[in-house]
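Please look at the sequence and the structure as they are shown now.

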There are 2 protein chains.
Amino acid sequence: MSNPILLAPGPVQLHPEVQKILAQPMIHHRTPEFDQILARTLKGLKFLFQTTQPVFMQTSTGSGAMESALVNLLSPGDEVLAIVSGKFGERWADIAEVYGAKVTRLNVEWGSAVKLEDVRTHLKQNPQTKIVLSQACETSTATVHDIRELGRIVSETDALFVVDGITAVGAFPIPMDDYKIDALIAGSQKGVMLPTGLSFISFSEKAWKHVLTAKTPRYYFDVRKEFKANQNGETLFSSPVPLVKSLDFILSMLQNMGLNQHFKEIKRRADFTRTTGQKMGLSLYSQAPSDSVTAFRLPEGMKGAELRTHLEQKYFVTVMGGQDQAKGKILRIGHMGYILDHHMIETMERLALGLNDFGFKIDASKVKAWSEVWLKENPL
Amino acid sequence: MSNPILLAPGPVQLHPEVQKILAQPMIHHRTPEFDQILARTLKGLKFLFQTTQPVFMQTSTGSGAMESALVNLLSPGDEVLAIVSGKFGERWADIAEVYGAKVTRLNVEWGSAVKLEDVRTHLKQNPQTKIVLSQACETSTATVHDIRELGRIVSETDALFVVDGITAVGAFPIPMDDYKIDALIAGSQKGVMLPTGLSFISFSEKAWKHVLTAKTPRYYFDVRKEFKANQNGETLFSSPVPLVKSLDFILSMLQNMGLNQHFKEIKRRADFTRTTGQKMGLSLYSQAPSDSVTAFRLPEGMKGAELRTHLEQKYFVTVMGGQDQAKGKILRIGHMGYILDHHMIETMERLALGLNDFGFKIDASKVKAWSEVWLKENPL
């Protein structure tokens with residue numbers, strides 16, 4: 001029970017090969033060796049995003065990529081519809097407001113997906129809407145929105161569909177071109193299985209017209225400049241070399257195994273976790289559960305924040321609690337990263353022990369047995 | 001001759017202990033373990049900057065920190081004096097212009113330090129100047145400005161002295177408070193000896209008043225928000241955990257050995273390199289050479305860009321060429337990072353061999369002998 005396990009919705013456990021690559025001697029980002037790595041990863045990112053458009057790497061967290069999407073598209077005064085169904089929807093709306101947009105918040109009950117009809121109606125009544133902001137997966141509630149349908153709805157208007165794919169890209173299908181997404185962002189510490197530090201962004205042809213004319217000042221996140229640098233086989237600024245080399249490995253791995261197989265493995269982890277947790281007597285928090293992260297509603301009256309710390313300190317398992325209005329009420333378990341079956345079994349077993357310690361009656365040894373049976377019956 | 005050597009002005013060779021830390025299993029940035037690391041590193045950064053003010057970590061390259069300094073201080077229309085003595089001075093001016101400042105470029109001949117009198121005169125004639133921008137070391141020319149005197153001059157006015165310390169902090173003395181610097185930035189892949197990916201920024205009390213009132217919109221680099229998060233023992237966004245853990249190690253090391261000893265070691269490398277290079281018949285490009293990086297002027301007519309690639313491909317040594325107007329004319333050798341004496345000897349020896357291959361007459365075996373004697377006569 002003493003091996004540490006990290007099953008958070010990012011950062012995630014690293015592939016052993018990535019750990020090795022991170023430890024390699026430094027190379028410079030202006031060398032023939034790095035040039036080749038860069039060319040391969042920029043190509044691999046198009047595969048990951050399932051787009052024909054260029055995908056850019058930025059040295060930032062996912063929030064930096066959210067800012068990048070907005071400063072590259074917005075002009076002050078633009079009307080923006082923000083789907084707000086959790087903490088990261090709030091963040092979309094906040095950033096857009098900081099940069100002078102007139103933001104309408106489409107508030108969705110936490111744990112629910114947005115009603116397509118509400119978006120359709122808003123766009124019909126507000127045809128001047130410039131941007132629709134959404135999460136693919138709202139990490140704070142472990143909930144997915146119907147990005148495919150939303151993309152179809154927005155594509156029939158002049159608005160741009162800008163999607164935070166931070167807990168989605170590399171975790172479940174979100175093909176940018178097919179889903180008619182106009183700007184898609186991702187972060188390194190989620191589906192891409194790396195440490196925090198790189199973010200990714202791509203714009204559709206429809207969006208590029210706005211990138212070229214948007215009036216928000218920008219420098220660090222100016223994708224027009226990065227595009228030129230990439231055309232010359234370079235990055236605009238210094239590159240976080242160990243992360244890019246690790247990304248090269250991950251993208252090769254994903255291209256070899258195929259995205260579908262990768263998504264299948266993650267979905268199996270989600271199915272296992274949901275099934276086992278519900279068998280244990282926990283209920284799902286989300287009405288539209290994501291495959292990248294599962295949120296369980298904790299039994300009424302249980303001190304969730306303390307439970308999380310207890311799991312961390314007594315059982316060496318890092319899962320996440322809730323944020324803002326869900327604080328103390330839910331527990332979130334991530335399904336991305338380098339996760340073997342024994343990590344999943346041990347996590348559920350330790351969760352059972354922790355719940356026991358907090359007065360919730362559950363036989364932890366049964367949890368282990370159930371888990372082993374389920375995983376055997378549902379092989380990779 | 002086949003062991004790769006990286007003596008660039010960043011990124012730099014990593015300490016073996018840092019390589020080990022980078023390879024450790026991931027931990028989450030919202031855990032008691034990380035909280036302790038964060039508290040220690042935020043304290044250690046104040047030691048590194050030699051300031052009583054808070055120093056912030058950002059997930060970005062150094063250019064992101066340049067943007068951060070400006071968006072946190074500027075309001076559109078502000079008058080800015082930019083000391084432009086190379087590529088990074090140009091970058092300061094460019095970013096300030098993007099964010100709506102009225103920028104006066106004080107152009108200085110490449111390789112020279114700014115004349116103090118010119119800054120004094122400009123500030124006297126333009127008392128409404130809001131910000132003076134300078135590099136501590138202009139990396140593109142390996143030249144230092146007299147930051148201590150510039151700080152004194154600017155401090156006697158209402159202007160803020162904003163210093164790019166990217167190739168300076170952790171490489172030579174630049175005590176922020178003593179030198180009356182109002183905003184100081186640094187990057188992880190230089191004097192701090194880590195991979196690219198973290199940047200650091202701190203503001204004086206005089207500057208904070210502007211931070212609180214500046215009208216430039218900002219979100220990702222908003223230090224007001226980061227300050228609040230740090231006060232609560234957290235970072236605002238996801239943290240690049242392996243880098244922060246490595247930073248913790250480096251800062252502990254520097255605090256144990258003392259900054260002066262660290263600077264002495266770097267200065268010895270600079271002295272060695274300048275002496276040996278000049279003995280080889282090369283001349284210094286800079287009139288005010290930096291201890292963090294040395295630039296040699298290449299013999300007239302030599303194809304510098306090709307020489308650099310040749311050194312890389314035949315001798316496995318990465319040094320940097322020149323940029324923009326110095327392109328092909330100079331060679332830059334870095335003195336920061338994990339550098340042992342044999343790295344320095346081998347670099348100069350391989351440089352001699354490379355120069356030989358390009359028709360410059362020099363006995364490489366002599367270079368080795370000279371180097372060994374100098375290093376013995378000038379021990380650590």
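One definition first: contact, or touching, means heavy atoms within 4.5 Å. This is a predicted model, in which local features need pLDDT of at least 70 and side-chain atom pairs count only at pLDDT 80 or more, while totals for chains, interfaces and linings use all residues. Residues are numbered from 1 along each chain as its sequence is written, chains are lettered from A and ligands numbered from 1 in the order in which they are written, and side-chain values use heavy atoms, with hydrogens and water left out.

I begin with Ile37(A), which lies in helix α2 (residues 32-49) of chain A. Helices (H or I, at least four residues) and strands (E, at least two) are DSSP runs, numbered from the N terminus. Is Ile37(A) buried or exposed? Its relative accessible area is 8%, so Ile37(A) is buried; buried means under 20%, exposed over 50%, and partly exposed in between, with a 1.4 Å probe and protein chains only. Leaving aside residues up to four places away in sequence, Ile37(A) touches Ile27(A), Val244(A), Lys245(A) and Asp248(A). Leu247(A) is 210 residues from Ile37(A) in sequence, yet their C-alpha atoms are 9.3 Å apart.

I turn now to the sheet. Seven strands of chain A form an open sheet of mixed pairing, in the order β2-β10-β9-β8-β5-β3-β4. Its edge strands, β2 (55-59) and β4 (102-107) of chain A, each pair on one side only. Two strands pair if DSSP finds at least two bridges between them. Strands β9 (residues 183-187) and β10 (residues 198-203) of chain A are antiparallel, joined over five bridges; within this pairing, Ile185(A) has Ile201(A) in β10(A) as its bridge partner.
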